[in-house]
Amino acid sequence: MNLDGFEKVASEEYQKVNRFLLKLCGDSELAADLTQETFLRAAKSWKSFQGKCSAATWLCSISRHVWADWCKKPPPVPVEANDTIDTVANPEREVEEKEQRFQVYAWLHMLPETEKEVFMLRTFSDLSHQDIGQLFGKSPEWSRTVYYRAKQAIVKMAEKEKKRG
């Protein structure tokens with residue numbers, strides 16, 4: 001397997017892919033595992049990378065597939081409460097942040113698939129509109145427009161929720 005240049009790309013893009021997956025799953029250990037799986041798959045298909053988009057775009061595309069595959073798996077068997085001791089520095093804050101993250105993800109999943117993906121790539125992975133456009137075979141302007149629509153839809157959902165609560 002010829003991996004010329006892959007190590008350099010992997011070291012440069014590792015944190016970006018990990019941050020993207022962390023935003024998707026909200027669990028640092030799971031994000032680390034999914035990041036490793038992303039780079040394993042990327043290494044296996046490195047020779048097919050043609051450079052039509054940036055390496056970060058290509059890796060985020062792979063990571064989206066890794067995340068989707070993980071979501072399709074059955075949930076793990078829960079551990080008994082007395083099997084482990086969970087030490088959390090500030091459990092109330094952690095619960096609140098998790099609930100907020102969950103709410104944003106719930107709103108995201110109410111968006112059309114394309115808007116959801118563009119929003120997540122731009123927000124969680126810090127991809128440029130140029131890279132997102134390339135990923136979808138569209139222009140950067142298309143990406144800006146789709147991102148704006150997604151953001152506006154989420155803002156409206158948040159405002160509705162605020163009025164209810």
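This is a short tour of the structure, stop by stop, with something to select at each one.

**Before you start**

The model is predicted: local features need pLDDT of at least 70, side-chain atom pairs count only at pLDDT 80 or more, and totals for chains, interfaces and linings use all residues. Residues are numbered from 1 along each chain as its sequence is written, and side-chain values use heavy atoms, with hydrogens and water left out.

**Stop 1: the whole chain**

Show the protein as a cartoon and you will find 7 helices and 0 strands; here helices (H or I, at least four residues) and strands (E, at least two) are DSSP runs, numbered from the N terminus. Read from the N terminus, the order of elements is α-α-α-α-α-α-α.

Of the 165 residues, 35% count as buried. Buried means under 20% relative accessible area, exposed over 50%, and partly exposed in between (1.4 Å probe, protein chains only).

Contacts are also worth a look, a contact being heavy atoms within 4.5 Å. Among those between residues at least 6 apart in sequence, 64% join residues at least 24 apart.

**Stop 2: the aromatic rings**

Select Phe6, Tyr14, Phe39, Trp46, Phe49 and Trp58, which form one aromatic cluster. The structure holds 9 aromatic pairs. Rings of Phe, Tyr and Trp (its six-membered ring) pair if their centres lie within 6.5 Å; planes under 30 degrees apart count as stacked, over 60 as edge-to-face and the rest as tilted.

Zoom in on Phe6 and Trp46. Their ring centres are 5.3 Å apart and the planes stand at 65°, so this pair is edge-to-face. Phe6 lies in helix α1 (residues 6–25), while Trp46 is in the loop between α2 (28–44) and α3 (55–72), so the pair ties together parts that are 40 residues apart in sequence. Both Phe6 and Trp46 are buried.

**Stop 3: Asn18**

Stay in helix α1 and pick Asn18. Buried or exposed? Asn18 counts as buried, at 16% relative accessibility. Leaving aside neighbours within four places in sequence, Asn18 is in contact with Ala31, Ala32 and Thr35.

**Stop 4: the cysteines**

How many disulfides does the structure hold? There are 0, a disulfide being a pair of cysteine sulfur atoms within 2.5 Å. Select Cys53: the nearest cysteine sulfur, that of Cys60, is 10.0 Å away. Cys53 counts as buried at 19% relative accessibility. Cys71 counts as partly exposed, with 41% relative accessibility.

**Stop 5: two packed helices**

Two packed helices are described by the angle between their axes and the distance between the axes. Colour α4 (residues 91–110) and α5 (residues 113–125): they pack at an angle of about 140°, with their axes 9 Å apart. Axes are lines fitted to C-alpha atoms, for helices over the stretch in contact, and angles run from 0 to 180 degrees between N-to-C directions. That makes α4 oblique to α5; angles under 35 degrees count as roughly parallel, over 145 as roughly antiparallel, 65 to 115 as roughly perpendicular and the rest as oblique. Show side chains here to see Tyr105, Leu108 and His109 of α4 meet Lys116, Phe119, Met120 and Phe124 of α5.

**Stop 6: Ser139**

Finish at Ser139, in the loop between α6 (129–136) and α7 (140–164). Ser139 is partly exposed, with a relative accessible area of 32%. Draw a distance from Ser139 to His129: C-alpha to C-alpha, they are 8.1 Å apart in space, and 10 residues apart in sequence.
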